[in-house]
2 protein chains.
Amino acid sequence: MRWRKISDAVVRRLPLYLRVLDELAKDENNNLISSQELGEKAGVGPALVRKDLAWFGEFGKQGVGYEIDYLRSELRRILNLDSTHKVVLVGAGSLGTALTRYNMRRFQEDESFTLELIGLFDSDPDKVGQEHEGIKVYPITELESFVRENEVKMGIITVPASDAQDVANRLVNGGVRAILNFAPVTLDLPEGVQLASADLTLELKRLAYYINEV
Amino acid sequence: MRWRKISDAVVRRLPLYLRVLDELAKDENNNLISSQELGEKAGVGPALVRKDLAWFGEFGKQGVGYEIDYLRSELRRILNLDSTHKVVLVGAGSLGTALTRYNMRRFQEDESFTLELIGLFDSDPDKVGQEHEGIKVYPITELESFVRENEVKMGIITVPASDAQDVANRLVNGGVRAILNFAPVTLDLPEGVQLASADLTLELKRLAYYINEV
């Protein structure tokens, strides 16, 4: 039980701020950042930056700004990024395997996030037993027990829409608390399980709205 | 110039409603839907459904609900989905080509959205000239002129973070109005160009926040 009442809109911006700080921290000469600069680099207004961070404590000094290293470590702590998170990915098709390749590289480069992809799952017997980036494909029937035994709390779904709810149920039954869903379907999840949707078609349809606007 | 003051939070939910209606329309026996049911299926409260739709007109009748076919065609019109949208994808690496395969199939199956991926672009001479799903890879140097000549308004960026701003500039200079960005960087775009971020690491970091919460 932590900062219970903080809205997801706030939580959503914290990784953006952290990304800016990570980038700045690469240059040792950077010690301080103003909310103005942090906002500009994160694409957020400076007042909102100050408001967002104030939910979690007093990180800055008026007229001085935020100490980059300190704010960075605080954001990491708030976002739970100091511990390693085990992840499974369900759906070892073209998107799933590409994400595996892409993200394994990204995860390794990212100092501020220890994410460990420990298993791929698929219902296709031809795919079971394959390896991608050194990670094995297991049968979908083993998903729930695997997740439970390995205490996996995060799952990524890249199966077709018709299978996504079933996969989500298995993940949740095994103890998963957070799901990143690529399938073009709204999942029905119990309270307390957090969902992030990565349905690209939805995003593209949203973008289409703005195209004819002048 | 259309519904100028409508917030993106509203626009963002319209494709969700449309997805529900598309699904329901597959069964000819479905004629009407209540805001309650539409909300449940879209994962949105019924009052918010009514409020969102009211921005664009009177689509439902109190005590009766919404006519599925009518609301569906209205949402399509509002979202600009009746016209074909040409798209380019920049970055023909593993993620870019997987998205090409995945989305080409999705786009073809999706009756309510005519999206035409007409070109891939990459800076790697070895990739230029390749074809993925019948779509050719062009050199990045031709991006701006290609976009202008073909009146492309949407672009997808799957290049490394260090190249993303340069790619975005080329797209915008060529006339692109909407960008779906997979690169882990905040893009600086002129007003009037709409951005959707598909930075999966950001989403995963957000999810991490919720994992230890009980």
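1. Basis of the note. This is a predicted model, in which local features need pLDDT of at least 70 and side-chain atom pairs count only at pLDDT 80 or more, while totals for chains, interfaces and linings use all residues. Residues are numbered from 1 along each chain as its sequence is written, and chains are lettered from A, with ligands numbered from 1, in the order in which they are written.

2. The same surface serves both copies, as 100% of the contact residues of chain B recur in chain A.

3. The interface. In chain B, 49 residues are in contact with 49 residues of chain A, contact meaning that the C-beta atoms of two residues, placed from the backbone, lie within 7 Å. On the side of chain B that touches chain A, at least two residues each come from α1 (8-25), α2 (35-42), α5 (94-109), β9 (178-181), β10 (194-197) and α8 (200-211) of chain B; helices (H or I, at least four residues) and strands (E, at least two) are DSSP runs numbered from the N terminus. The most is given by α8(B), with twelve residues. By class, this side of chain B has 27 nonpolar, nine polar and 13 charged residues, with Ala, Val, Leu, Ile, Met, Phe, Trp, Tyr, Cys and Pro counted as nonpolar, Asp, Glu, Lys and Arg as charged, and the others, Gly among them, as polar.

4. A residue of α8(B). Ile211(B) has its place in helix α8 of chain B, and it touches Asn80(A), His85(A), Lys153(A), Met154(A), Arg177(A) and Ala178(A), not counting residues up to four places away in sequence. Ile211(B) counts as partly exposed because it has 17 C-beta neighbours inside 10 Å; a residue is buried with 20 or more other C-beta atoms within 10 Å of its own, exposed with 12 or fewer, and partly exposed in between, the C-beta atoms being placed from the backbone.

5. Strand β5 of chain A. Strand β5 (residues 115-122) of chain A is mostly covered, with six of its eight residues buried. It pairs in the parallel sense with strand β4 (residues 85-90) of chain A over six bridges, pairing requiring that DSSP finds at least two bridges between two strands, and Val87(A) stands opposite Leu117(A) in β5(A). Three bridges also join β5(A) to the parallel strand β7 (residues 135-139) of chain A, where Leu120(A) has Val137(A) as its bridge partner.

6. Asp126(A) is found in the loop between β5 and β6 (131-132) of chain A, and it counts as exposed because it has 8 C-beta neighbours inside 10 Å.

7. Confidence. The mean pLDDT of chain A is 88, with 92% of its residues at 70 or more, pLDDT being the predictor's confidence in each residue, from 0 to 100. Within chain A, confidence is lowest in helix α5 (residues 94-109), at a mean of 75, and highest in helix α6 (residues 143-149), at 98. The model scores ipTM 0.83 and pTM 0.80.
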